[in-house]
Amino acid sequence: MILSKIASIVFYLVIFCLTFFFAFLRKKTDKKIFGFLCVLVPAISIALRFGVGTDSAAYIEMFDNVASEDYSSSLLRIQTLSMEPTAIFLIKILHHFAYGYFAYFFAYSLLTFSFLYIFSRKLDSRNWWLLFGSIVMIMTPYCINGMRQAAAVSVFSVLLVNVFQNPRKLLKNTLLLALTISLHFSAALLIPVLIVVLAAKRFGLKKCATVIIALSLITLLIFPKAITFLLESGIMPYKYAITLAVYEGSIANFDFIIFFALSALLLLTRKFTKQGEEKLSDFTTIVIICNLFYAGLGFYSAYIGRMSDYFWPMATFGIWLGIDRFKDNPTFKRVLYIATLACYFILVYIVMGNSEIIPFRFLS
């Protein structure tokens with residue numbers, strides 16, 4: 001079934017409204033059933049898609065290929081870093097029990113939204129329902145297109161909060177890091193961010209922010225020459241050449257512009273931070289500043305610039321912090337926050353047509 005563009009927009013709007021509604025009821029009534037529903041609604045909706053998103057055909061082909069090949073071929077995929085072990089294991093299990101594409105899509109979307117739900121509740125116990133509903137708006141297209149990376153983004157978000165709140169829980173944090181990398185190998189490149197978060201707790205926001213910005217500028221300036229040197233010297237394996245080669249960069253780097261503006265907003269309005277939220281505010285700010293490096297790589301390579309996707313849940317919370325610092329009506333601030341993210345969704349995915357999520361098609 002193919003929905004028209006208008007019907008598709010209404011469909012997404014209903015999903016987002018239901019997510020906010022059930023999350024709000026979970027907050028107000030403290031009944032777990034509503035928490036379950038606010039995760040289940042977007043997860044099932046995304047799992048019901050067919051032929052939606054730029055990567056849809058690739059994921060279906062991946063499922064069919066892995067399901068039909070022998071285990072030695074699947075093991076070779078892991079050894080060559082061409083596919084993560086979690087994806088292969090999931091496909092093998094689902095195929096063994098004769099489950100199809102719906103179960104495949106549903107498993108990833110349920111994992112993604114479950115961890116984003118945990119992330120929201122851990123980060124802000126008061127406004128988590130608002131944060132979770134907004135993250136669903138931002139992450140839905142990622143779940144449709146980059147299923148594996150979206151799942152890794154959600155687990156990494158929980159890992160970030162755990163490192164900030166409980167840095168001494170090494171076993172738990174190590175397991176979360178291992179799960180993140182096993183969902184998408186690119187997550188291994190985010191280990192420096194965890195180190196920065198720990199350093200920020202020790203040395204403070206100002207010192208760390210200054211060092212990160214300086215190192216990021218230097219790295220981005222020498223990036224093309226550094227990659228060329230590593231490839232030509234043989235230090236970097238050739239199989240990474242396609243991933244790290246300088247290609248498809250863009251002067252109109254949307255992510256970098258957004259994260260730069262958000263970093264500036266949080267730094268300039270830091271003095272208006274609500275009492276008791278100073279540490280949380282600084283943590284959020286330092287993580288968003290870290291992404292200036294990853295988003296900045298998008299000037300050279302659009303593929304590498306996708307690393308900034310890992311920071312969107314934190315950026316979503318950063319936008320709320322920036323709005324919440326001003327002394328206006330709480331209801332107005334919440335409406336403004338939701339409207340801001342809704343405008344982003346409409347501009348990027350409807351007006352610009354990124355990710356090909358409209359019109360929406362259901363599994364037949």
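Colleague: Let's start with helix 8, residues 147-165. What span should its 19 residues have?
Modeller: Keep in mind that this is a predicted model. At 1.5 Å a residue, helix 8 should span 27 Å, and its end C-alpha atoms are 28 Å apart, so the two agree.

Colleague: Nice. Is helix 8 mostly covered or mostly open, and how many of its residues are buried?
Modeller: Mostly covered: 18 of the 19 residues in helix 8 are buried.

Colleague: At what angle does helix 6 pack with helix 8?
Modeller: Helix 6 (residues 101-123) packs with helix 8 at about 20°, and their axes are 8 Å apart. Angles under 35 degrees count as roughly parallel, so helix 6 and helix 8 are roughly parallel to each other.

Colleague: And which residues make the contact?
Modeller: Helix 6 contributes, among them, Tyr104, Phe105, Tyr108 and Phe115, while helix 8 brings residues including Ala150, Ala151, Val155 and Val158. By class, the contact of helix 6 with helix 8 has 15 nonpolar, 5 polar and 2 charged residues.

Colleague: Switching topic: how do helix 7 and helix 16 cross?
Modeller: The axes of helix 7 (residues 128-145) and helix 16 (residues 312-324) come within 10 Å and cross at roughly 140°. That makes helix 7 oblique to helix 16. Their crossing is right-handed, whereas helix 6 passes helix 8 in a left-handed crossing.

Colleague: What classes of residue are in the contact of helix 7 with helix 16?
Modeller: There are 10 nonpolar, 2 polar and no charged residues. Among them are Leu130, Ile138 and Tyr142 of helix 7, with Trp312, Phe317 and Trp320 of helix 16.

Definitions and conventions:
Residues numbered from 1 in each chain as written. Predicted model: local features only at pLDDT ≥ 70, side-chain atom pairs only at ≥ 80, totals over all residues. Heavy atoms only, no water. Axes fitted to C-alpha atoms, helices over the stretch in contact; angles between N-to-C directions. Helix = DSSP H or I, 4+ residues; strand = E, 2+ residues; numbered from the N terminus. Parallel < 35°, antiparallel > 145°, perpendicular 65-115°, else oblique. Left-handed = near helix turned anticlockwise from the far one by under 90°. Contact = heavy atoms within 4.5 Å. Nonpolar A, V, L, I, M, F, W, Y, C, P; charged D, E, K, R; others polar. Expected span 1.5 Å × (residues − 1). Buried < 20%, exposed > 50% of the residue type's maximum accessible area, 1.4 Å probe, protein only.
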